[in-house]
Amino acid sequence: TIASKTVQYLHGFNTPEYQLQDQRIGRNTGSQWKDDHFIIFRQEKTEKRHEKKVNPAADLVIDAGFDHFIRMHWEELIDGKILPFSFAIADPLTILNMQLTEVSAAKTAITQHSDRYRYFLANSRNKLIGWAIPEIHLAYDNESRLLQVYQGPSNITDQKDKPQNVEQNSTKKLVK
């Protein structure tokens, strides 16, 4: 085991409380509900815990809540709407101003194409800093509306403790 994660949806499906413990490097990150707001946190081994307060909002998405956000707004997305959202990230402690849109198979970075899939892209709303924010490419089954392929940043770092991009699909797992 290199990491373990617990997720609880006590304060909404888009905004779970979670805790990710990376045993390799002793890092603990996550979110928790406290006094009518969320706290995202990061703690390295025995060092001081660093926190950021995040006020709840209709467009707030935390960690695994991203999947629920897509399914909740499915009809709007397939009708061509671009949905803005605020993505709370615990490592580093920040809120990213993102947007989500449906894209064609030709415009996705996902190489696995299927007529059964709907493709979505999450990227920065700010064009000036968009180059520094990793894109997230997703493929969902059109009938079941279940995630089939995820391509984008992982919250588990590589062997050198650097961010890594991953591709995961429902039939195989591949880390790039």
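Search the whole structure and you get 13 salt bridges, counting any side-chain nitrogen of Lys or Arg within 4 Å of a carboxyl oxygen of Asp or Glu. This is a predicted model, where local features need pLDDT of at least 70 and side-chain atom pairs count only at pLDDT 80 or more, while totals for chains, interfaces and linings use all residues. Residues are numbered from 1 along each chain as its sequence is written, and side-chain values use heavy atoms, with hydrogens and water left out.

Let's start with Asp161 and Arg27, whose closest N and O atoms sit 2.8 Å apart in a salt bridge. Asp161 is in the loop between strand 11 (147-153) and strand 12 (165-169), and Arg27 is in strand 3 (residues 27-34), so this pair ties together parts 134 residues apart in sequence. Strands here are DSSP runs of E, at least two residues, and helices are runs of H or I, at least four, both numbered from the N terminus. Arg27 is buried at 7% relative accessible area, whereas Asp161 is partly exposed at 33%; buried means under 20%, exposed over 50%, and partly exposed in between (1.4 Å probe, protein chains only). Both residues belong to a salt-bridge network that also links Arg42, Glu44 and Asp91.

Now for helix 1 (residues 65-72): Arg71 and Asp67 are four residues apart there, about one helical turn. Their salt bridge has its closest N and O atoms 2.4 Å apart, and Arg71 is partly exposed at 30%.

Then there's Glu51 with Arg49, a salt bridge at 2.9 Å, N to O. Glu51 is partly exposed at 44%, and Arg49 is partly exposed at 27%.
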